[in-house]
Amino acid sequence: MKTDLEIKNEEIVTQFCLDWAKRDAHLLADYLADDIVYQMYEGNPDIVGREQFIQTMDGFLKGLKEVEWEILRTYSVGELVINDRIDHFIADDEAKSFHLPIAGWFLVRDGKIKIWRDYSLPAGMQQVDSANPGRSPDK
């Protein structure tokens with residue numbers, strides 16, 4: 001049985017993931033602690049702090065036609081939320097679109113995401129839009 005804290009933390013992380021569709025780095029930063037530590041992918045240097053997050057993501061998001069994070073499963077234990085998802089980044093040029101199977105690890109403290117680490121799932125290959133059978137046909 002989930003605690004009230006776990007339910008609240010899952011709601012925060014889920015809404016954060018859904019709000020990527022708005023492609024607004026400032027809006028997304030509102031979910032983050034001031035001293036957020038974010039690992040975009042293994043081996044990449046951490047993004048530290050809300051301002052660095054905005055600087056890193058703002059241009060990237062504005063350069064996309066559409067973003068959709070498809071959440072497959074979510075688990076929580078206290079302050080920790082883990083989700084299994086596919087991140088869809090759609091560009092004007094289909095060859096530049098990509099779809100990434102991800103396991104996201106979020107530490108939520110005092111209603112803000114404090115630590116966030118994304119891990120590529122095994123066999124998770126970048127796929128162009130037309131090659132992704134899991135993508136909604138209306139997107």
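Let's start with Ile102, which is found in strand 5 (helices, H or I with at least four residues, and strands, E with at least two, are DSSP runs numbered from the N terminus). This is a predicted model, where local features need pLDDT of at least 70 and side-chain atom pairs count only at pLDDT 80 or more, while totals for chains, interfaces and linings use all residues. Residues are numbered from 1 along each chain as its sequence is written, and side-chain values use heavy atoms, with hydrogens and water left out.

- Ile102 counts as buried because its relative accessibility is 6% (buried is under 20% relative accessible area, exposed over 50% and partly exposed in between, using a 1.4 Å probe and protein chains only).
- Not counting residues up to four places away in sequence, Ile102 touches Asn83, Asp84, Arg85, Asp87, Asp118, Tyr119, Ser120 and Leu121 (contact means heavy atoms within 4.5 Å).
- Between Ile102 and Pro122 there are 9.2 Å, C-alpha to C-alpha, and the two are 20 residues apart in sequence.
- Glu10 is found in helix 1, and at 13% relative accessibility Glu10 counts as buried too.
- Leaving aside neighbours within four places in sequence, Glu10 has contacts with Lys2, Thr74, Tyr75, Ser76 and Val81.

- Six strands make an open sheet with the order 2-1-6-5-4-3 and mixed pairing (two strands pair if DSSP finds at least two bridges between them).
- Strand 2 (47-48) and strand 3 stand at the edges with a single partner strand each, so one side of each has no neighbour in the sheet.
- In general, strands of a sheet pair through backbone hydrogen bonds, either parallel or antiparallel.
- Here, strand 3 and strand 4 go antiparallel over 11 bridges, and Glu70 stands opposite Ile86 in strand 4.

**The nonpolar core**

- The largest nonpolar core has 28 residues, and those with the most contacts inside it are Phe16, Trp20, Phe53, Met57, Phe106, Ile113 and Trp116 (such a core is a set of buried Ala, Val, Leu, Ile, Met, Phe, Trp, Tyr and Cys residues joined through side-chain atoms within 4.5 Å).
- At least two residues of this core come from each of helix 1 (4-18), helix 2 (25-29), strand 1 (32-39), helix 3 (50-62), strand 3 (66-77), strand 4 (80-90), strand 5 (98-109) and strand 6 (112-120).
- Trp20, leaving aside its neighbours within four places in sequence, is in contact with Leu28, Phe53, Met57, Leu61, Val67, Trp69, Phe89 and Trp116.

**The largest pocket**

- About 280 Å³ of space lies in the largest pocket (on a 1 Å grid over the protein atoms alone, a pocket is an open set of points with protein on both sides within 12 Å along at least five of seven lines, where a 1.4 Å probe fits, and lining residues have an atom within 4 Å of a point).
- It is lined by 15 residues, and the closest to the centre are Tyr38, Met40, Tyr41, Phe89 and Leu100.
- Helix 3, strand 4, strand 5 and strand 6 each give two or more residues to the lining.

**Positive phi in two loops**

- Arg23 sits in the loop between helix 1 and helix 2, and has a positive phi of about 55° although it is not a glycine.
- With a relative accessible area of 28%, Arg23 is partly exposed.
- Asp110, in the loop between strand 5 and strand 6, also has a positive phi, near 55°, and is not a glycine.
- Asp110 is exposed, at 77% relative accessible area.

Key:
Grid points are joined across faces, edges and corners, and a volume is the space filled by probe spheres set on the points.
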